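Please look over the fold and its side-chain contacts before reading on.

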Amino acid sequence: MHRLQVVSGHLKAAESSNRSGQTIKMAQRSPITTHVLDTSLGQPGKGVPIELSYCSSSGSWVVMATGCTNDDGRCGTLLSPEEVKSGTYKMRFDTKTYFALQNNYKPFYPYVEVVFNLEKTSEHYHIPLLLSPYSYSTYRGS
């Protein structure tokens, strides 16, 4: 039965909001996705609030979308393909909120910001986050 729950979690219509206020459904996968793994618990980081911002030509950050990881620790619904443009992005993970739900851990890092360059809008950019209360690591996934 557990396997069915996992598959069901993948198929649920996870939602995020983009800056236009549109709701992006899972069927319309974003070119920018993430997966959070809680290495201290050995399980997906469920319920991590995420904010995706774009660096404007003036150097200020513009929030493009917000979302939250699903039961599998994934968020694949941040932007529609039409909204993605080349440039510098920042993905902000609210780890303080996440760890508050996990045995009242008080993390050393209240949030994690991953800044990355997106050059080719036709490519998929996956930003995984390996997380524990006292460390984190990231890389460009596939």
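## Terms and basis

A residue is called buried when its relative accessible area is under 20%, exposed when that area is over 50%, and partly exposed in between, with a 1.4 Å probe and protein chains only. By that scale R92, at 26% relative accessibility, counts as partly exposed.

This is a predicted model, in which local features need pLDDT of at least 70 and side-chain atom pairs count only at pLDDT 80 or more, while totals for chains, interfaces and linings use all residues. Residues are numbered from 1 along each chain as its sequence is written, and side-chain values use heavy atoms, with hydrogens and water left out.

## Overall fold

The protein has two helices and eleven strands, where helices (H or I, at least four residues) and strands (E, at least two) are DSSP runs numbered from the N terminus. Along the sequence these elements follow the pattern α-β-β-β-β-β-β-β-β-α-β-β-β.

Of the 142 residues in the protein, 40% are buried. Counting as a contact any heavy atoms within 4.5 Å, residues 24 or more positions apart account for 62% of the contacts with a separation of 6 or more.

## The nonpolar core

In soluble globular proteins, nonpolar side chains tend to be buried together. A nonpolar core is taken here as a set of buried Ala, Val, Leu, Ile, Met, Phe, Trp, Tyr and Cys residues joined through side-chain atoms within 4.5 Å. The largest such core has 25 residues, and those with the most contacts inside it are I32, L52, L79, Y89, M91, F93 and F116. Two or more residues of this core come from each of strand 3 (32–38), strand 5, strand 6, strand 8, helix 2 (95–100), strand 9 and strand 10 (125–132).

For F93, when neighbours within four places in sequence are left aside, the contacts include T34, V36, V48, P49 and I50, and also among them are P110, Y111, V112, V114, I127 and L129.

## Aromatic rings

Rings of Phe, Tyr and Trp (its six-membered ring) pair if their centres lie within 6.5 Å, and planes under 30 degrees apart count as stacked, over 60 as edge-to-face and the rest as tilted. By this rule there are five aromatic pairs. One of them joins Y89 and F116, whose ring centres are 5.9 Å apart and whose planes meet at 15°, so the pair is stacked. This pair links distant parts of the chain, since Y89 belongs to strand 8 (residues 87–93) and F116 to strand 9 (residues 112–118), 27 residues apart. Both Y89 and F116 are buried. Y98 and F99 form an aromatic pair that is edge-to-face, with 5.0 Å from centre to centre and 65° between the planes, and Y98 and F99 are buried as well.

Y54, Y89 and F116 form one aromatic cluster. A charge sits over a ring if NZ of Lys or CZ of Arg is within 6 Å of the ring centre and within 35 degrees of the ring normal. K85 lies in this way over the face of Y54, at 4.5 Å from the ring centre, and R92 lies over the face of Y111, at 4.0 Å from the ring centre.

## Salt bridges

The structure holds six salt bridges, each being a side-chain nitrogen of Lys or Arg within 4 Å of a carboxyl oxygen of Asp or Glu. In one of them E113 pairs with K90, the closest N and O atoms being 3.7 Å apart. Because E113 lies in strand 9 and K90 in strand 8, the pair ties together parts that are 23 residues apart in sequence. K90 is buried, with a relative accessible area of 14%, whereas E113 counts as partly exposed at 34% relative accessibility.

E113 also meets R92 in a salt bridge (3.5 Å, N to O), and this pair links strand 9, which holds E113, with strand 8, which holds R92, across 21 residues. Elsewhere, E123 forms a salt bridge with K120, the closest N and O atoms being 3.9 Å apart; E123 is partly exposed at 29% relative accessibility, and K120 is partly exposed at 49%.

## A loop serine

S56 lies in the loop between strand 5 (49–55) and strand 6 (61–68), and S56 is buried, with a relative accessible area of 19%. A polar contact of 2.9 Å joins the side chains of S56 and S58. Here a polar contact is a pair of N or O atoms within 3.5 Å; within protein, one must be able to donate a hydrogen and the other to accept it, and residues adjacent in sequence count only if both atoms are side-chain atoms.
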